[in-house]
Amino acid sequence: MDDQQSLNHSKWECKYHVVFIPKYRKKALFGELRRHLGDVFRTLAGHRATRVEEGHLMPDHVHMLLSIPPKYAVAEVVGYIKGKSAIHIARTFLGKAKNYTGQHFWARGYFVSTVGRDEKTIREYIRNQEKEDKRQDQLAMFH
């Protein structure tokens, strides 16, 4: 796959599989919020010249394949997306005041791994995550 992108003096292909959860891993990502968050994440990623290549929201976690320019640290981009989306959620869905900082929606931290030659595998994993979680839930009910 030739997905290289360019900055002024460099060509790059830096992709990361990122997973993060709502605080206490509450199943908080459903209904209107779930339908709305994809656009919010894509918009916020764009503010850091980042692109959401793939994404899937589960009720209790978020999977994203992010293409992040090398001029930004992964921690900076993920922190920005989590922080600004928490403020947006608080204002739009929880009726919080304008000066609410949103620090209580997402849990601290996240999982990240670099995506190299196995990008296709990661894309498939993200796309099939919901199906796999349901299968695991079914198995757990019988044990």
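**Strands, helices and the core**

Modeller: In this predicted model, strands β3 and β5 pair in the antiparallel sense, and six bridges hold that pairing.

Biologist: Which residue of β5 is the bridge partner of Lys15?

Modeller: The pairing to look at is the antiparallel one between β3 and β5, and β3 covers residues 15-20 while β5 covers 61-67. Within β5, the bridge partner of Lys15 is Ser67.

Biologist: Over how many bridges do β4 and β5 pair, and in which sense?

Modeller: A hairpin of two linking residues joins β4 to β5, and Arg51 stands opposite Ser67 of β5. The pairing of β4 with β5 is antiparallel, and the number of its bridges is seven.

Biologist: What is the order of the strands in the open sheet of four strands?

Modeller: β5 pairs with β4 and also with β3, whereas β4 and β6, the latter made of residues 111-115, are edge strands that each pair on one side only. Neighbouring strands of this sheet are turned against each other by 15° on average, with direction ignored. With antiparallel pairing, the order of the open sheet is β4-β5-β3-β6.

Biologist: In what order do the elements of the protein chain run from the N terminus on?

Modeller: The protein chain holds four helices and six strands, and the open sheet described above has four strands. Read from the N terminus on, the elements run β-β-β-α-β-β-α-β-α-α.

Biologist: At about what angle to β4 does helix α4 run?

Modeller: Two helices can be described against this strand, and α1 lies across β3, β4 and β5, running at about 155° to β4. Helix α4, residues 129-141, lies across β4 and β5, and its angle to β4 is about 25°.

Biologist: Which element supplies the largest share of the largest nonpolar core?

Modeller: This core has 27 residues, and those with the most contacts inside it are Leu37, Phe41 and Trp106. At least two residues come from each of β3, α1 (31-46), β4 (51-58), β5 and α2 (74-92). The largest share amounts to seven residues, and it comes from α2.

Biologist: Why does Phe41 count as buried?

Modeller: Phe41 has its place in helix α1, and beyond its neighbours within four places in sequence it is in contact with Phe20, Val52, Leu57, Val62, Met64, Ile81, Ser85 and Trp106. One of these, Ser85, is 44 residues away in sequence but 7.2 Å away in space, C-alpha to C-alpha. Buried means under 20% relative accessible area. Phe41 therefore counts as buried, its relative accessibility being 2%.

Biologist: What angle separates the planes of Phe41 and Trp106?

Modeller: Trp106 lies in the loop between α2 and β6 while Phe41 lies in helix α1, so this pair ties together parts that are 65 residues apart in sequence. Both residues are buried, and Trp106 also touches residues including Leu29, Leu37, Val62, Lys82 and Ile89. The pair is tilted, with 6.1 Å centre to centre, and the angle between the planes is 40°.

Biologist: Which residues do the ring pairs link into a cluster?

Modeller: The count of aromatic pairs comes to four, among them the pair of Phe20 with Phe41 and that of Phe41 with Trp106. The cluster that ring pairs link together consists of Phe20, Phe41, Phe105 and Trp106.

Biologist: Which residue lies over the face of Tyr80?

Modeller: Here a charge is placed over a ring, and the distance from the ring centre is 3.9 Å. The residue over the face of Tyr80 is Arg48.

Methods
Residues are numbered from 1 along each chain as its sequence is written. This is a predicted model: local features need pLDDT of at least 70, side-chain atom pairs count only at pLDDT 80 or more; totals for chains, interfaces and linings use all residues. Side-chain values use heavy atoms; hydrogens and water are left out. A nonpolar core is a set of buried Ala, Val, Leu, Ile, Met, Phe, Trp, Tyr and Cys residues joined through side-chain atoms within 4.5 Å. Buried means under 20% relative accessible area, exposed over 50%, partly exposed in between (1.4 Å probe, protein chains only). Contact means heavy atoms within 4.5 Å. Two strands pair if DSSP finds at least two bridges between them. Axes are lines fitted to C-alpha atoms, for helices over the stretch in contact, and angles run from 0 to 180 degrees between N-to-C directions. Rings of Phe, Tyr and Trp (its six-membered ring) pair if their centres lie within 6.5 Å; planes under 30 degrees apart count as stacked, over 60 as edge-to-face and the rest as tilted. A charge sits over a ring if NZ of Lys or CZ of Arg is within 6 Å of the ring centre and within 35 degrees of the ring normal.
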